Amino acid sequence: QVQLVNSGGELVQAGGSLRLSCVASGLIFGKYVMGWFRQAPGKEREFVGVITTTGISTYYADSVKGRFTISRDNGKNTVYLQMNNLKPEDTAVYYCAARWGVVSTAAPNYEFWGQGTQVTVSS
């Protein structure tokens, strides 16, 4: 049974930083592309960023480029989302997701999802 467990979300002031984690089990982690998505109240789930299986390459949404960094530790079956210079518009539930195959920015292309973790940025 595949499980992705998100953690690390909390309330933070604008300009602050957070690091989210996602621990995977039940799959060959190093074979999966790992994405991060977020969903704000009343909005659709949106792509944040993605990291390739080896961690060599990452891709980000324009809205977070230069502020967010994705990394992974295949030995620990864990992917991270480091978020710096947070803004109120970053407030959302953040989800990690796993995809077998090539990088994708589209949520429907991901097979497995974490339960989400709430990030709230106060102004």
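Buried means under 20% relative accessible area, and exposed means over 50%, with partly exposed in between. The exercises below apply this to a predicted model.

**Exercise 1. Find the salt bridges of Arg38, and state which residues their network joins.**

Step 1. The whole structure holds 4 salt bridges.
Step 2. One of them pairs the side chains of Arg38 and Glu46, with an N to O distance of 2.5 Å.
Step 3. Another pairs Arg38 with Asp90 at 2.9 Å, N to O. This pair connects distant parts of the chain: Arg38 lies in strand β4 and Asp90 in the loop between β8 and β9, 52 residues apart.
Step 4. Through shared partners, salt bridges join Arg38, Glu46, Arg67 and Asp90 into one network.
Step 5. Asp62 and Lys65 also form a salt bridge, at 3.0 Å from N to O.

**Exercise 2. Locate the disulfide and determine its handedness.**

Step 1. A pair of cysteine sulfur atoms must lie within 2.5 Å. The sulfur atoms of Cys22 and Cys96 are 2.0 Å apart, and the two residues form a disulfide.
Step 2. The count for the structure is 1 disulfide.
Step 3. The torsion about the S-S bond of Cys22 and Cys96 is about 55°, so the disulfide is right-handed.
Step 4. Cys22 belongs to strand β3 and Cys96 to strand β9; the pair links distant parts of the chain, 74 residues apart.
Step 5. Both Cys22 and Cys96 are buried.

**Exercise 3. Describe the largest nonpolar core and the surroundings of Phe68.**

Step 1. The largest nonpolar core contains 36 residues.
Step 2. Those with the most contacts inside this core are Met34, Trp36, Phe68, Val79, Leu81, Met83 and Tyr94.
Step 3. Two or more core residues come from each of β3, β4, β5, β7, β8, β9 and β11.
Step 4. With neighbours within four places in sequence left aside, the contacts of Phe68 include Val48, Tyr60, Leu81, Met83, Leu86 and Tyr94.
Step 5. Phe68 is also in contact with Arg38 and Asp90, the two residues whose side chains meet in the 2.9 Å salt bridge.

Technical notes. Residues numbered from 1 in each chain as written. Predicted model: local features only at pLDDT ≥ 70, side-chain atom pairs only at ≥ 80, totals over all residues. Heavy atoms only, no water. Core = buried A, V, L, I, M, F, W, Y, C linked by side-chain atoms within 4.5 Å. Buried < 20%, exposed > 50% of the residue type's maximum accessible area, 1.4 Å probe, protein only. Helix = DSSP H or I, 4+ residues; strand = E, 2+ residues; numbered from the N terminus. Contact = heavy atoms within 4.5 Å.
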